[in-house]
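Trainee: I would like to go through this model with you and ask, for each term, what stands behind it.

Mentor: Then let us look at it together and begin with a pocket.

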Amino acid sequence: MRTKSVGKKKINVVTLGCSKNVYDSEVLMSQLKANGKEVVHEDKGDIVVINTCGFIDNAKEESINTILDYVEAKNRGEVEKVFVTGCLSERYKPDLVREIPDVDQYFGTRDLPILLKHLGADYKHELVGERLTTTPKHYAYLKISEGCDRPCSFCAIPLMRGGHISTPIEKLVSEAQKLAKKGTKELILIAQDLTYYGLDIYKRRALGDLLKELVKVDGIEWIRLHYAFPSGFPEDVLDIIREEPKVCNYIDIPLQHINSELLKSMKRGTTHEKTDALLAKFREKVPDMAIRTTLIVGYPGETEEIFQELKDWVREQKFDRLGCFTYSHEENTGAYVLEDDIPQEVKEARVEEIMEIQSQISWEKNQEKIGNVYKCIFDRKEGNYFIGRTEYDSPDVDNTVLVSAEDTYISIGEFADVKITSAEEFDLYGELV
């Protein structure tokens with residue numbers, strides 16, 4: 001049987017993990033397409049490239065299971081080659097080579113030119129900023145920096161992504177302009193740490209400077225901030241959020257915990273009092289801001305008393321959006337020398353307790369929205385509903401707005417004003433006005 005020529009082989013890129021990985025996959029796909037390769041995202045292909053996540057145990061398990069699934073498919077003759085890239089292979093390459101040798105090649109997070117060579121492609125420098133987006137065309141992630149210089153004791157990101165490197169403002173503006181020409185209306189700024197942006201290349205925190213340039217891009221209507229670090233947060237950004245209509249009244253600021261003793265052990269550079277002062281400043285400067293945070297429970301030394309402090313604080317702060325995760329004991333991190341002294345079932349029970357508190361808070365906040373009119377962007381249609389979001393909601397992780405499709409038509413990717421008629425814990429229902 002004649003085999004396909006190398007040039008005709010379809011490359012399937014599979015993305016696991018966070019939005020930073022989505023972005024990296026999009027860059028890879030753009031490079032492949034520019035080299036004349038046929039490339040698909042999470043579809044059928046002759047060659048598979050798995051972009052892995054290695055952040056916590058669950059993510060590592062998913063990545064390993066996905067690798068094993070495609071290795072089995074290769075052994076059955078359903079795919080020809082399996083390549084693995086991303087955080088897991090950056091961190092555990094020697095172990096992976098030993099344990100799963102049937103993978104054709106492993107690559108790290110900064111090995112894109114080498115990976116491309118193995119795929120019969122050349123790295124094209126003129127394509128910097130070009131991406132084959134995998135999100136709906138009306139929104140896109142814009143990664144403003146790579147890596148992280150923070151010393152957080154629980155986090156393995158610097159081991160996998162290296163130190164912080166900011167992308168210059170002019171390159172990001174150029175990328176935003178290209179996205180806008182393709183129909184992108186919402187930019188979601190992502191990084192391991194938005195707060196640190198610019199310190200390495202401009203010798204100052206320059207997130208505000210970046211926002212002032214991005215709002216000038218024609219076609220971009222919403223700009224959303226994800227993953228800001230609380231310590232050293234540049235307060236000029238709050239003025240820009242308040243005054244600039246294009247910058248959503250929204251911020252994702254992972255706080256991780258509130259107990260000062262645990263925050264010190266976590267090397268977060270803040271305290272209970274400083275965190276409360278920062279949140280008060282957010283609400284003072286931008287009263288209409290939706291604050292999203294994430295928490296870790298079950299960190300070593302989290303006693304029942306400390307956990308009670310966390311619960312009381314969640315009730316008190318009434319975050320608009322909140323996610324909660326169990327602590328994962330990661331080798332080579334600062335916290336690995338500590339005893340992982342909270343049983344897994346206790347960690348999981350604590351997550352449930354926090355999310356139950358948050359569910360009630362979310363329900364109460366959503367009831368207050370009934371009767372109000374919000375500008376929404378619509379992402380998709382599911383069953384009998386068009387699914388949209390307000391400026392206070394990020395895709396995939398936050399609340400949605402549902403409008404009946406039985407007697408209404410809304411173009412996907414378009415904005416529309418919606419009056420909220422009823423609400424549940426995480427969903428709003430409404431009608432066009």
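Mentor: The lining of the second largest pocket takes at least three residues from each of domain 1 (10-126) and domain 2 (135-368), the domain bounds coming from an automatic or database domain assignment. The model is a predicted one, in which local features need pLDDT of at least 70, side-chain atom pairs count only at pLDDT 80 or more, and totals for chains, interfaces and linings use all residues. Residues are numbered from 1 along each chain as its sequence is written, and side-chain values use heavy atoms, with hydrogens and water left out.

Trainee: Why is this called a pocket, and which residues are closest to its centre?

Mentor: On a 1 Å grid over the protein atoms alone, a cavity is a set of points where a 1.4 Å probe fits but cannot get out, whereas a pocket is an open set with protein on both sides within 12 Å along at least five of seven lines. About 920 Å³ of space lies in the second largest pocket, a volume being the space filled by probe spheres set on the points, which are joined across faces, edges and corners. A residue counts as lining if it has an atom within 4 Å of a point; 38 residues line this pocket, and the closest to its centre are Tyr23, Asp24, Val27, Leu112 and Tyr123.

Trainee: Which element gives the most to the lining of the second largest pocket?

Mentor: H1 does, with eight residues. Helix H1 (19-34) is among the elements that give two or more, as are strand E3 (47-52) and helix H6 (169-181); helices (H or I, at least four residues) and strands (E, at least two) are DSSP runs, numbered from the N terminus.

Trainee: What makes a lining residue nonpolar, polar or charged?

Mentor: Ala, Val, Leu, Ile, Met, Phe, Trp, Tyr, Cys and Pro count as nonpolar, Asp, Glu, Lys and Arg as charged, and the others, Gly among them, as polar. On that basis the lining of the second largest pocket has 14 nonpolar, 14 polar and ten charged residues.

Trainee: How do you know how confident the predictor is along the chain?

Mentor: From pLDDT, the predictor's confidence in each residue on a scale from 0 to 100: the chain mean is 93, and 97% of its residues reach 70 or more. Over residues 1-7, however, pLDDT is below 50, and beyond near neighbours in sequence this stretch has five contacts in the model, a contact meaning heavy atoms within 4.5 Å.

Trainee: Where does UniProt place the TRAM domain?

Mentor: The unreviewed entry places it at residues 367-433, and such annotations may be inferred rather than shown by experiment. Over residues 367-433 the chain is 1% helix and 52% strand.
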